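Student: Could you walk me through this one while we both have it open? I'd like to start with how the strands are put together.
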Amino acid sequence: MTTPPTASQTVGPFFHLGMAHLERGNFVAQGIAGERVTIRGQVLDADGNAVPDAMLEIWQADSSGRYGGEIFPQNSATPRFLGFGRIETDDKGEFSFTTIKPGRVASPDGSLQAPHIVVTLFSRGLLKPLRTRLYFPDEPGNADDPILKLVPQERRSTLMARCSGQRGAKNVPENAPPKIFDWKIVMQGDGETVFFDY
Amino acid sequence: MKAASYGRAPAGTQPNYLYPQYVSTCKRSPKQPLILLPHTLSELTGPVFGHSEIGENDNDLTHQHSGEAQGERIIVSGRVLDEEGRAIPGALVEVWQTNAAGRYRHRVDQHGAPLDPNFTGCGRVLTDREGRYRFVTIKPGAYPWQNHPNAWRPAHIHFSLFGAGLLSRLVTQMYFPGDPLLPFDPVFNSVPDENARNRLISISFSVAAKPLPWRYLPERLGNVRRMK
C-alpha cells in the first residue's frame, strides 16, 4: 500500500530561526574552477511590492556540469564547490549571491542543457514552494535547451538573468571581481516569472 | 537510459498555491499555468548532508542554554518514509517553533508573550538507518496573527526535510491532537483531502514505556518522496 507524500505547509515568516544555518551569500572557495558571477535581484508580489520574507534555495552544478555530493564536511583537503545554499531576501525584497557559472548538464534525451541554476522559492503565503530556473543570457546552448523550449517564447525572458555590465567588488578569492547579473522574481501578475511543476 | 522519475501526488493531498482564506496567498500565488518539467539531473540530484554540521544539542531544544527551557517537555519522534513505506536514512530534518508562551525568538514576531532566555526554538537532526528522528523540546504555544479578526495559529512545529533528491524537498508543519484551533486555521485547512490534512497531526499522547520525566509523543510525519 502506498501513502501519499505528507502535505506541504508554508514556511511562515519566522523560517530564519530554523533555516539560517545553511544561508550563504558566497558559494565560491579558493581553488574552485569556473567563472565567478554575482546574481542580484528582488522578489516582488502581485502589486509590485517587495517580498521581504522570502528565501531562495539554490542548487547548481559545478563549472564542469557535475552535481556535488556531500555538502559537509567543508574542511576536506581538496576544495569542493558547494552547489547548495540558502539566500534570504532583505527588507527591500532584495537578494544577492556569488557563485560560479554552472557547466552544462545532460538532459534525459542525452542532449546538453544550457547552464542554469535551480531555484526553489519559499515564503510566507506560499503553501508550497515555487520552483524556477535561472539561465544566463547569450549562451549558445539556450536556443536548444529542452526545458526552455517548453516555455512559451514570450515568457522565456523571465528565466533569463540580465547582464548588468558591472563587476562586483566582493571579496571573492582568485580571478577578477565577479560579473554581476540581475534577475527579478515576480510571484504574480505582469511579468510573472515562469514556475515549474514536476 | 530510461529517465527515472517520481510519481505525482494524488489529487487533493497537497494544497493549491491560492487559498483565499489564507490571505497572504492572494498576492503571492502564480496566476499563469505552471509548466510541467521533465525530471532531469538537476531535479533528481540534491544536497547530501553529513554529521559534521549537527551539534551535540541540536536535537534537544530544552538544553541549548545554561538553564532549562520553560514549559511542557515533549519528545517528538518518527520516521521519514517514502510512499512505499521504505525508510529514508540520512535525511536532514530541521525544526523551528515558538516557546511555551507562543513567542518566536525572531525579530519580526510582534506577539507580546515573553521570550524564554533558555529556549531558542530550533533544532536539526539526520535520520538514522531506519529513517528515525527524535527531538526533545517544549510544547509550543498558540499565537495570534493578522490573517482575520481574532486569528490564532494552533500550536505547531515547522518541519523542513531533505530526501534523496530535490524533488523530495518538503517543508510542512506538525500539529497536536485535539487542538480546538485546528478547524479555524486556514493554513491547516488549505489541504483539501481530509486524510492528508489529518496526517499533519501527531499521534495522540501516550506515556513513555521507559521512566522518562516527560510525556512521550510518537509522531508520524514521514513520507518524503523518493525515486521509484
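Tutor: One term is needed before we start: two strands count as paired if DSSP finds at least two bridges between them. This is a predicted model, and in it strand S1 (residues 36-44) and S4 of chain A pair in the antiparallel sense over seven bridges.

Student: Which residue stands opposite Arg40(A) in S4(A)?
Tutor: Ser96(A) is the residue opposite Arg40(A) in S4(A).

Student: And what sheet do those strands belong to?
Tutor: They belong to an open sheet of four strands in chain A, ordered S4-S1-S8-S7, in which the pairing is mixed. Its edge strands are S4 (94-100) and S7 (162-167) of chain A, each of which pairs on one side only, and the twist from one strand to the next averages 30°.

Student: OK, stepping back, how many helices and strands are there in chain A?
Tutor: Chain A has one helix and nine strands, and along the sequence they follow the pattern α-β-β-β-β-β-β-β-β-β.

Student: How does the radius of gyration of chain A fit with a compact globule?
Tutor: The two agree, because a compact globule with 198 residues would have a radius of gyration near 16 Å and chain A has 17 Å. The C-alpha atoms of chain A fill a box of roughly 50 × 40 × 40 Å along the principal axes, and 46% of the 198 residues count as buried. Of the contacts in chain A with a separation of 6 or more, 71% are between residues 24 or more positions apart.

Student: Now chain B, what's the makeup there?
Tutor: Chain B has three helices and 11 strands, and read along the sequence its pattern is β-α-β-β-β-β-β-β-β-β-α-α-β-β. Of its 228 residues, 44% count as buried. Among contacts in chain B between residues at least 6 apart in sequence, 71% join residues at least 24 apart.

Student: What's the order of the open sheet of four strands in chain B?
Tutor: The order is S4-S3-S8-S9 of chain B, with antiparallel pairing. The edge strands there are S4 (122-126) and S9 (170-175) of chain B, each pairing on one side only, and the twist averages 20° from one strand to the next.

Student: Can you take me along the S8-S9 pair?
Tutor: S8 (residues 156-162) and S9 of chain B pair in the antiparallel sense over six bridges. Along that pairing, Ile157(B) stands opposite Met174(B) in S9(B), while His158(B) stands opposite Gln173(B).

Student: Is S9(B) largely enclosed or exposed?
Tutor: S9(B) is largely enclosed by the rest of the structure, because six of its six residues are buried. Leu170(B), Thr172(B) and Met174(B) point one way from the strand, Val171(B), Gln173(B) and Tyr175(B) point the other way, and all are buried.

Student: Which residues have the most contacts inside the largest nonpolar core?
Tutor: They are Phe15(A), Phe122(A) and Val93(B), in a core of 90 residues. Leaving out residues up to four places away in sequence, Phe122(A) touches Val11(A), Phe15(A), Ala54(A), Met55(A), Pro129(A) and Val171(B).

Student: Which strand of chain B does S9(A) pair with?
Tutor: S9(A) pairs with S1 (residues 35-36) of chain B, in the parallel sense and over two bridges. In that pairing Phe196(A) stands opposite Ile35(B).

Student: One last thing, where is Asn150(B) found?
Tutor: Asn150(B) is in the loop between strand S6 (143-145) and strand S7 (151-153) of chain B. Asn150(B) counts as exposed because it has 6 C-beta neighbours inside 10 Å, and 12 or fewer is the cut-off for that class. From C-alpha to C-alpha, Asn150(B) and Val93(B) are 32 Å apart in space, and they are 57 residues apart in sequence.

Note on methods: Residues are numbered from 1 along each chain as its sequence is written. Chains are lettered from A and ligands numbered from 1 in the order in which they are written. This is a predicted model: local features need pLDDT of at least 70, side-chain atom pairs count only at pLDDT 80 or more; totals for chains, interfaces and linings use all residues. Axes are lines fitted to C-alpha atoms, for helices over the stretch in contact, and angles run from 0 to 180 degrees between N-to-C directions. A nonpolar core is a set of buried Ala, Val, Leu, Ile, Met, Phe, Trp, Tyr and Cys residues joined through C-beta atoms within 7 Å. A residue is buried if 20 or more other C-beta atoms lie within 10 Å of its own, exposed if 12 or fewer, and partly exposed in between; C-beta atoms are placed from the backbone. Two residues are in contact if their C-beta atoms, placed from the backbone, lie within 7 Å. The radius of gyration is taken over C-alpha atoms; the globule rule is 2.2 Å times the number of residues to the power 0.38.
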